Amino acid sequence: MEKLTLKTTQRYREQQRAVIEKRLKPDQLTGGQMEVMVCRSTGCESIEAKRILERLKKVVNSKGLDDKIHITQTGCFGFCEKGPIVKVLPENVYYVMVKPDDIEEIVEKHFVEGNIVDSMLMEEQQGKTGRREEISLFKKQMRIVLRNNGRIDPESVNEYIAVDGYTALEKVLNGMTPEEVIATLKLAGLRGRGGAGFPIWQKWTNARKAIGENKFIICNGDEGDPGAFMDSSVLEGDPHSVIEAMAIAAYTIGASKGYFYVRAEYGLAIRRIQVAIDQAYALGLLGKNVLGSDFSFDLEIRLGAGAFVCGEETALIASIEGERGTPRPRPPYPSISGLFGMPTVINNVETLANIAPIINNGGEWFASIGTETSKGTKVFALTGKVNVSGLIEVPMGTTIREIVFDIGGGIAGGKKVKAVQTGGPSGGIIPEKYFDTPIDYESLNSLGSMMGSGGMIVMDEDDSMVDIAKFYIQFSVDESCGKCAPCRIGNYQILQILERFGKKRGKEDDLEKLHDIAFAMKKGSLCGLGQTSPNPVISTLKYFPEEYNEKIRKPKIVQTK
Amino acid sequence: METLHEEITDEIRAILDKWKPKEGNLIMILHGVQQRYGYVPWNISKFLASELSVPLARIFEVVTFYNFFNLEAPADYKISVCTGTACHLKGAPVLIQGLKKQLKISPKAQYTEDRKFKVEEVRCVGCCGLAPAMVINEEVYGRLKPEDIEPTLETIKIEETS
Ligand SMILES: Cc1cc2nc3c(=O)[nH]c(=O)nc-3n(C[C@H](O)[C@H](O)[C@H](O)COP(=O)(O)O)c2cc1C
Ligand code: FES
């Protein structure tokens with residue numbers, strides 16, 4: 001393959017665009033032409049998406065339809081609960097829970113005879129012409145991070161280039177100074193999506209100014225929050241968008257080497273990233289003299305090994321260095337002294353996926369989306385007791401109620417909703433009475449939860465809050481690295497108390513003890529794990545004290561703090 | 001259990017050659033080892049220690065810190081039940097109970113007596129939309145109900161005898 005340069009990319013892009021033009025503009029599909037897309041993300045893949053794709057190709061071929069019907073694999077469409085999913089253009093219909101044996105029928109009735117197989121459609125599309133707008137999961141969504149998910153083949157760099165991929169890197173190398181990149185990010189107001197919400201322009205500036213022989217950029221793809229799959233979906237569905245952003249970050253801070261840190265359990269994501277890295281090298285988008293410029297950048301994958309704490313940036317660095325993943329005290333922050341003691345920028349997958357659109361469309365555009373303090377969109381993995389679980393992206397400022405009811409379709413089985421949980425083991429529970437709060441970093445913090453990486457788990461009237469708190473604390477006990485005492489001992493002591501409550505044997509002074517231990521952990525723990533792990537307990541105590549009171553042996557009225 | 005002695009293959013030497021020059025290579029090497037043997041065998045750890053010129057304790061502190069690495073030979077069938085939040089809410093604990101009962105594994109143990117089956121808990125396998133989920137060897141089973149356990153195990157046993 002010939003390497004691209006800043007001069008040749010535009011022509012190459014036009015050629016690639018012509019190849020998939022009709023998928024991008026379905027109204028040009030005429031005379032029985034069709035674009036068929038099969039989701040191949042972890043969820044669908046695990047239930048036979050591969051066989052469905054193979055079968056589709058075979059049946060279409062056997063009917064002599066190869067010229068008319070174009071079949072591709074893509075990333076996640078969003079409604080994972082209904083997988084495997086096949087989308088067909090120009091009709092814009094989604095076949096759900098497809099089985100390999102259904103393929104003959106779909107091809108014969110729909111592709112040959114032109115009659116959509118109504119009974120296999122997403123319920124909402126049945127009996128209708130079936131347009132994207134009619135699916136409630138897409139209502140109120142805005143796709144920036146997930147822009148290419150479900151649209152292009154994640155294993156094709158050419159398709160990424162066709163949809164304006166690598167234009168941001170081109171723009172930067174074509175004459176933006178690092179200062180201009182940083183100014184654009186400052187104007188955009190992009191904050192970190194990995195949890196804490198630190199301004200990106202600030203982090204990049206610190207690393208740019210820091211002095212070091214080498215500098216590094218790391219993509220945090222550890223996604224330790226159990227019950228969350230936002231980052232893996234981006235990595236599986238659009239790996240080039242993250243590679244492009246890492247190259248831009250490296251150029252800006254003056255790094256020449258980057259690492260993807262991905263959890264080992266994410267086999268499919270790891271494979272797709274490797275494919276993408278190899279393709280980018282082959283086209284001259286990575287390696288020496290990127291796009292023929294003076295800028296050189298190398299990228300490699302490092303695997304996690306099943307330790308939640310390794311999502312924490314200093315523990316992650318220890319892990320890449322080949323050590324046990326235990327955190328170090330900060331400061332110094334990694335932007336000053338990080339990997340191998342060098343200035344290092346660590347950003348989350350979703351944060352990075354925002355970079356190229358910001359460079360392309362400008363900081364003002366991004367800043368026009370969202371709330372006063374939190375700009376842009378947020379991706380959530382909506383799961384639990386909602387009707388439609390899946391992957392969604394909404395502008396900051398959307399309310400929890402809109403997410404649960406308008407997008408998620410309300411609670412399954414006609415039950416009453418009780419609460420949602422955000423922020424995973426570091427987050428808290430938000431009861432139904434606060435569902436009209438617009439979501440941003442500050443509002444979630446003030447409710448005693450946090451944005452976290454984006455797991456949103458919906459709970460109904462059957463779910464016991466004490467059980468949920470116990471579930472998360474058990475998780476933190478298992479995952480505490482053991483280095484500092486407040487976290488190691490505190491979580492364990494809280495668990496002992498909650499186990500008593502689980503057996504309805506809580507003691508009267510237990511509630512006060514819980515508060516005391518939580519307070520000590522918040523103040524005394526070395527890293528974010530111990531500082532935030534009591535949150536699920538504190539928030540359930542605050543909002544659902546009656547559920548704890550019921551489980552005390554001699555009931556009495558509790559005063560919550 | 002007795003410690004097994006595994007052969008040091010060319011594959012392992014190739015992994016060492018690839019990673020030896022790189023900084024912070026130990027975890028990637030261990031991944032290679034586990035992929036080859038299904039666990040990190042004792043004699044291979046000793047071999048790595050001498051090849052990398054590090055104390056054996058350094059290898060063990062890393063292997064034991066990370067959940068992903070195993071020190072015991074794998075069972076023929078590894079059943080990993082997801083106990084991530086989504087799966088927990090949708091009945092993972094009941095699934096585990098059911099599985100262990102069917103396979104006659106006591107609640108605190110993981111292996112069947114003949115070490116053919118292992119039931120372990122993992123945190124989120126990334127298919128939360130399909131909760132509750134479990135993975136048998138590489139295959140994912142989603143949207144499970146407790147009554148699905150028996151037929152699923154039956155199919156495995158039939159496949160094995162056929
Ligand atoms: C216990 C713990 C676990 C964390 N896990 C993750 C994770 O899985 N993914 C992630 O991106 N950030 C995680 N973080 C946050 C990182 O330390 C870091 O702030 C983040 O990767 C920075 O990227 P951002 O600025 O783009 O958000 C975790 C933090 C703590 C304290
Ligand atoms: S919580 Fe079970 S797959 Fe994510």
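About 3,500 Å² is buried between chain B and chain A in the predicted model, and carbon and sulfur atoms give 59% of this area. Buried area is the accessible area (1.4 Å probe) that two parts lose on being put together, summed over both. Of the area that chain B buries against chain A, 20% is supplied by Phe65(B), Leu89(B) and Arg123(B), more than by any other three residues. The model is predicted, with local features requiring pLDDT of at least 70 and side-chain atom pairs pLDDT 80 or more, whereas totals for chains, interfaces and linings use all residues. Residues are numbered from 1 along each chain as its sequence is written, chains are lettered from A and ligands numbered from 1 in the order in which they are written, and side-chain values use heavy atoms, without hydrogens and water.

In terms of contact (heavy atoms within 4.5 Å), 34 residues of chain B meet 52 residues of chain A. Three salt bridges are found across the interface of chain B and chain A, a salt bridge being a side-chain nitrogen of Lys or Arg within 4 Å of a carboxyl oxygen of Asp or Glu. Arg123(B) forms a salt bridge with Asp478(A), with an N to O distance of 2.9 Å. Polar contacts across the interface of chain B and chain A link 20 residue pairs, both residues at pLDDT 80 or more. A polar contact is a pair of N or O atoms within 3.5 Å; within protein, one must be able to donate a hydrogen and the other to accept it, and residues adjacent in sequence count only if both atoms are side-chain atoms.

The elements giving two or more residues to the side of chain B that touches chain A are helix H2 (26-37), helix H4 (56-65) and helix H5 (85-89) of chain B. That side of chain B comprises 17 nonpolar, 10 polar and seven charged residues, where Ala, Val, Leu, Ile, Met, Phe, Trp, Tyr, Cys and Pro count as nonpolar, Asp, Glu, Lys and Arg as charged, and the others, Gly among them, as polar. Chain B as a whole has seven helices and four strands. Helices (H or I, at least four residues) and strands (E, at least two) are DSSP runs, numbered from the N terminus.

Ligand 1 is surrounded by 18 residues, the closest being Gly194(A), Lys203(A), Asn220(A), Asn348(A) and Thr351(A); a residue is counted if one of its heavy atoms lies within 4 Å. An N or O atom in the side chain of Asn348(A) is 2.8 Å from an oxygen atom of ligand 1. A backbone N or O atom of Glu223(A) lies 3.1 Å from an oxygen atom of ligand 1.
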